[in-house]
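Reader: I'd like to go through the labels on this one and hear what backs each of them.

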Amino acid sequence: MSEKKEVIILIAEDDDGHAGLIRRNLERAGVANEVRRFSDGQEILDFLFLRGEGPVRQSGVAYTLLLDIRMPRVDGVEVLRQVKNDPELKKMPVIMITTTDDPQEVALCHEMGCNSYITKPVEYEAFVHAIRQLGLYLAVVQIPEISRTQP
Amino acid sequence: MTTTVLWLWLVAGISMVLAAGLMFLWRRSARLHREMSAQAVRLDESRENLVTALNSMDALVYVSDMETCELLFANDYATRISGGQIRPGIRCWQALQKDMTGPCSFCQNPKLIEAGHQNAPHRWHLQNTLNNRWYEAREKVIPWPGHRQAKIHIGIDITEQRAATEALKESDQKWSSLFNAMQEIVALHELIVDEKGRPVNYRLLDCNHSYCQNFGLERQRVVGRLATEVYGLTNPPFLLEFSGVALGGEPCSFESYFAPMDRHFSISVVSHRKNQFATITSDITMLKKMQDELKAKNRELEQIIYVASHDLRSPLVNVDGYARELEFAIKTLGPVELWPEPAARALPDIADALHHIRASAHQMDNLLKGLLKLSRLGRAALNIHPLDMNHLIGQLIESTGFQIREADANVVVTNLPPCRGDDVHVTQVFANLLDNAIKYRAPLRPCEIRISGRSVIGYAIYTVEDNGVGIAPEFHTKIFELFHRLQPKATDGEGLGLTMTRQVLGRLGGTIQIESASGQGSRFIVMLPAAIEPPGDQKERTS
């Protein structure tokens, strides 16, 4: 009998306010999963690729990544590229959360294999709706566990 | 007796002989005399014929003494121009020139003596002072009876030819100085074809001063030489373009980068004769550089707009998001009535402040979205091809059918010439104009919109005309400005439509103009590059 494991939500977002809003709205939408926040692209890459001094991901845990595009050091598109090029990490759902709805940028991210794309709108209702959908998605979808072994 | 008889006989005999001799002599002299007079008559006839011939000539003919200048012969032409002055003993300079007190200063006699009468006639041009006409004179020293040396002068009127030659010379000079004064590099060429008639090279026939200056070549090193020699290249530059013009006759213009000189040129090619062509070239290197700089600046500006609007939206998410959080927080506090006095009084104010914060955040968000849209438009790829405008506008009207019906608008579209552009962008332009025409209709009269078009050289011109509220002339520039809205309260919109319309048209090589007065309706005139296809007939269609 397979026990449905709790998905850990990773948020890579340089803006504290945005990160706070995402967290609050996830909670309000009824998403009670554990949330870990990273302040830029480099931090999340270190975590995912088991590098650096800080915490690294655990084997056998299911993760979902909410990824901002415009971040200092390494931007979201580069993070997405590296994640989707890794045979193990590419199983992880990646949801781009960004301030622009530039069709070219959206197309690029989809091409690179992002699972969803949410624009950070000022119209809060729409954002909440998107987050809620994400919550439903997280509740319904079986997120694959990511093994620690790397080829 | 006998002696006497003998003498008599002798005398008689001698007399007879003498008589016979005399008879003979007389007869002979009479014949001679007859012959001589016949000869004289013939001579007279011949002289008369000669004079008749000389008189009938449309040329000035006279003979004068080389020393005294006395006129020995003058034909009718000479008599005519002298005004009947010719009489025995008159000198040539008296009869045939005006107000002369001595031999003409330009008299060629010394030269003639030098040349002698064995040589060819002396030829020169002179203007007659009596009639001011120009003559080509031929003079020669000839023997003349009773005079040591005489001169025959034959003058042919060349006034007209001379004028024509002068005119030609003047025109030649004019064109030549223009040719050389031109800033443009001008050269004339002749196409060289192989035995199968394929163009292989071209020869420089002439070039102007600017050509020599720009290419650093001397004219002698250019004229008559092959392009490959002149430019030191294996392949003659632009042979394909040039031969097309030289053989087809259709002029063409193009811009090109000429690597050997590291310069950009704008070249116009015309053919005035088969196999020959002229090139008029302008050095546009500076212009190109400026254009490139402008393009880079524009890109930079668009990048700034993009980054700025993106980065400005980021804090706005927080402003609105946390204002919203506060609204949630207030809601959790429960009804106002349950709160003690200071808080109960402050809460509605807080709610009101939050409302204003959020409304402003929304407004700013809309402006930033507009800026993003504008910057995206400037960066969007264009797909330029000939557009059937009848089809395009037809489709646009179909898709705006609901809006048109709702406004009870009558849209008339006449036959539209084709143009060149990007269909998405061109549709956007007309959608915008149509939308404006409906949005700003006059409330008291039925909305009439007319879309028409015509062709001018190189362009298609479209007019979108309405009978709406119109725009006062002082706003004609303002309406194209970013975020400018004439009636921000009455209608919705970002205030971006006409800004984007103008930007789109600019990228497509077109323009937009407005003609309008307040309350009189508006006419927007859109100009786009013409398509190559011929425009159709003028037909009216109503939708």
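Author: Happy to; here come a few labels, each with its cut-off.

Author: First, this is a predicted model, where local features need pLDDT of at least 70, side-chain atom pairs count only at pLDDT 80 or more, and totals for chains, interfaces and linings use all residues. Residues are numbered from 1 along each chain as its sequence is written, chains are lettered from A and ligands numbered from 1 in the order in which they are written, and side-chain values use heavy atoms, with hydrogens and water left out.

Reader: Why is I14(B) called partly exposed?

Author: Its relative accessible area is 45%. Buried means under 20%, exposed over 50%, and partly exposed is in between (1.4 Å probe, protein chains only).

Reader: What makes W7(B), L10(B), V11(B), I14(B) and L18(B) a nonpolar patch?

Author: Patch residues need over 30% relative accessible area and no salt bridge; nonpolar side chains (Val, Leu, Ile, Met, Phe, Trp, Tyr) are joined within 5 Å, like charges within 9 Å. Together the five have about 510 Å² of accessible area, by the Shrake-Rupley method with a 1.4 Å probe, where for residues only the protein chains shown count as cover.

Reader: How do you know that R24(A) and E325(B) form a salt bridge?

Author: The N to O distance is 3.4 Å. The rule asks for a side-chain nitrogen of Lys or Arg within 4 Å of a carboxyl oxygen of Asp or Glu, so this pair qualifies. The count between chain A and chain B is one.

Reader: How much area do chain A and chain B bury between them?

Author: About 2100 Å², 48% of it on carbon and sulfur atoms. That is the accessible area (1.4 Å probe) that two parts lose on being put together, summed over both. The contact, meaning heavy atoms within 4.5 Å, takes 23 residues from chain A and 22 from chain B.

Reader: Where in chain A is confidence lowest, and where highest?

Author: Lowest in helix α5 (residues 124-140), at a mean pLDDT of 67, and highest in strand β2 (residues 35-38), at 92. pLDDT is the predictor's confidence in each residue, from 0 to 100. Where it is low, the predicted coordinates should not be read in detail.

Note on methods: Helix = DSSP H or I, 4+ residues; strand = E, 2+ residues; numbered from the N terminus.
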